[in-house]
Structures are given as C-alpha cells and as structure tokens.
Amino acid sequence: MRFKGIFVAMMAVFAMATAAIPAPSRNASMVTGNATSQPIGHYDFCQIHSSECGANRNAGPVEMTPAKWSLVRSVNATLNGTIKPMTDKEIYGKDEVWAYPTTAGDCEDFALLKRRILIQRGFPAADLLMTVVRKPDGEGHAVLTLRTAEGDFVLDNLAADVKPWFATPYTFVKRQSSYNAGRWVTIENGRDLLVGALR
C-alpha cells in the first residue's frame, strides 16, 4: 500500500533528523482577525470529511521538544520527496479539489496529508492549520501552519525546511481557526512585507 511506503520512508528520515529548530526572535506568531470565507475547495473537502472540520479543543500552542521537531521535519521532507507535484486539473480535470494524495497532489493536498499524519502522531488539531498565502508573483498557494509555544512555523511543499512563518516569501491571507477546523480567520499581520502582492 502506497501510504505504508510513505510512512516507512518518513520513519527513516525521522531517525536521521535530530536537530531542533531554534526559536524565532521576532513576529513569532501570526495575529488572526475576524472570521472570513472558507476556501471552496476546503468546503467541499469538509462535506466528505465532516469529522475533520468541527470544533477543536484549543489548549494553546503546542510545547515542542527536539523529538517533536524531528518528527515535524521528517514528515515535511518525506512527503515533499514522495508525493509528485501535479495540479488539480491534471489529476481530477477540475480547478480546485482538496484531497488526500496517494501518489500525486498539489499544494493543499500536501498540507492536508501532513496535517493528518501529525494529528495521528499526537499533535493537537488546533495547532495544525491549513493556511492560504500568496507567493511573490501573486499566485495563490496553501501551506500548513504549526502553532507552537515558540511561534508559528510553516510546512511547505515548495521548501525542504520548516521555517518560521515570517521567514517565508509569502503574504499570509487566512487560515483555519484554531477553535474550529471548519471556520477560517484573516491573518492581520501577514502583509507587512509583501502588501503589494495582493494588488
């Protein structure tokens, strides 16, 4: 089974990944604002996976350990190297489909699978948030945000490293609410450096 192969590969990388990620020094966490629209692809995803789109127990950002960091880095690197990047149009013949990939997927598919694996490994759902950003060229993109006591970090299919959110080249637009995985909120400080990309 393909998923089992991914898991075995992930564990191999996990065994090699031991270095902790240092705490960021500025703008550690995103500032979220009001409720906003749910991406249509996520809405459709929630119609199929309703148990993954309800209220979360939000106990605050997760406390990280070196072992947890190693797992996060392993999941990011393994899936980035295992799932083939393809567009929804190429896979499904549609413009916007959010789904768990088996062999191929686009940005939100990578993020959804990383989220599911980390939840299965004990991370709180409230700290693993699907996030919509804009790349410097203005194109939309999706990443997974990990909320930690050290700040917010990004798992991205376009980057090998797990980085503090402010160290990415993106304009952050909105993300899932930490209180309810089916609701989305704006990111108020996500446009500081790249405000022009939205215009």
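A: Happy to! The torsion about the S-S bond of Cys46 and Cys53 is about -85 degrees, so their disulfide is left-handed. Please keep in mind that this is a predicted model.

Q: How far apart are the sulfur atoms of Cys46 and Cys53?
A: The two sulfur atoms are 2.1 Å apart.

Q: And how many disulfides does the structure hold?
A: It holds one disulfide. In general, a disulfide is a covalent bond between the sulfur atoms of two cysteines.

Q: Is Cys46 buried or exposed?
A: Cys46 is buried, and Cys53 is buried as well.

Q: OK, let me zoom out. How many helices and strands are there in the protein chain?
A: There are five helices and nine strands. Read from the N terminus, the order of elements is α-β-α-α-β-α-β-α-β-β-β-β-β-β.

Q: What share of the residues is buried?
A: The protein chain has 199 residues, and 48% of them are buried.

Q: Now pockets. How much space lies in the largest pocket?
A: The largest pocket holds about 360 Å³ of space.

Q: Which residues lie nearest its centre?
A: Those are Asp106, Cys107, Glu108, Gly140 and His141, out of 20 residues that line the largest pocket.

Q: What about Cys107, buried or exposed?
A: Cys107 has a relative accessibility of 16%, so it counts as buried.

Q: What classes of residue make up the lining of the largest pocket?
A: The lining has eight nonpolar, seven charged and five polar residues.

Q: You mentioned H5. Where is Ala111 placed?
A: Ala111 is in helix H5. With a relative accessibility of 1%, Ala111 counts as buried, since the cut-off for that is under 20%.

Q: Switching topic: how many salt bridges does a search of the whole structure find?
A: That search finds four salt bridges. As background, side chains of opposite charge can pair when their charged atoms come close.

Q: Which residue forms a salt bridge with Asp127?
A: Arg147 does, and the closest N and O atoms of the two are 2.8 Å apart. Asp127 lies in the loop between H5 and strand E4 (128-134) and Arg147 lies in strand E5, so this pair ties together parts that are 20 residues apart in sequence. Both Asp127 and Arg147 are buried.

Q: And what does Glu139 meet in a salt bridge?
A: The side chain of Glu139 meets that of Lys135, at 3.2 Å from N to O. Glu139 counts as partly exposed, with 43% relative accessibility, whereas Lys135 is buried, with a relative accessible area of 18%.

Q: Which residue does Asp152 form a salt bridge with?
A: With Arg175, where the closest N and O atoms are 3.2 Å apart. Asp152 is in strand E6 (residues 151-155) and Arg175 is in strand E8 (residues 171-176), so the pair ties together parts that are 23 residues apart in sequence.

Q: Are Asp152 and Arg175 buried or exposed?
A: Asp152 counts as buried at 3% relative accessibility, and Arg175 is buried too, with a relative accessible area of 5%.

Q: Last topic, rings! How many aromatic pairs are there?
A: The count comes to four aromatic pairs. One of them is Phe45 with Tyr100, an edge-to-face pair with 5.5 Å from centre to centre and 75 degrees between the planes.

Q: Where do Phe45 and Tyr100 lie?
A: Phe45 lies in helix H2 (residues 40-48), and Tyr100 in the loop between helix H4 (88-92) and strand E3 (104-105), so the pair ties together parts that are 55 residues apart in sequence. Both Phe45 and Tyr100 are buried.

Q: What about Trp165 and Phe172?
A: Trp165 and Phe172 form an edge-to-face aromatic pair, 5.2 Å centre to centre with 90 degrees between the planes. Trp165 and Phe172 are both buried.

How values were computed: Residues numbered from 1 in each chain as written. Predicted model: local features only at pLDDT ≥ 70, side-chain atom pairs only at ≥ 80, totals over all residues. Heavy atoms only, no water. Disulfide = S-S within 2.5 Å. Buried < 20%, exposed > 50% of the residue type's maximum accessible area, 1.4 Å probe, protein only. 1 Å grid on protein atoms, 1.4 Å probe; cavity = no way out; pocket = protein on both sides within 12 Å on 5 of 7 lines; lining within 4 Å. Points joined across faces, edges and corners; volume = space filled by probe spheres on them. Nonpolar A, V, L, I, M, F, W, Y, C, P; charged D, E, K, R; others polar. Helix = DSSP H or I, 4+ residues; strand = E, 2+ residues; numbered from the N terminus. Phe/Tyr/Trp six-rings, centres within 6.5 Å; stacked < 30°, edge-to-face > 60°.
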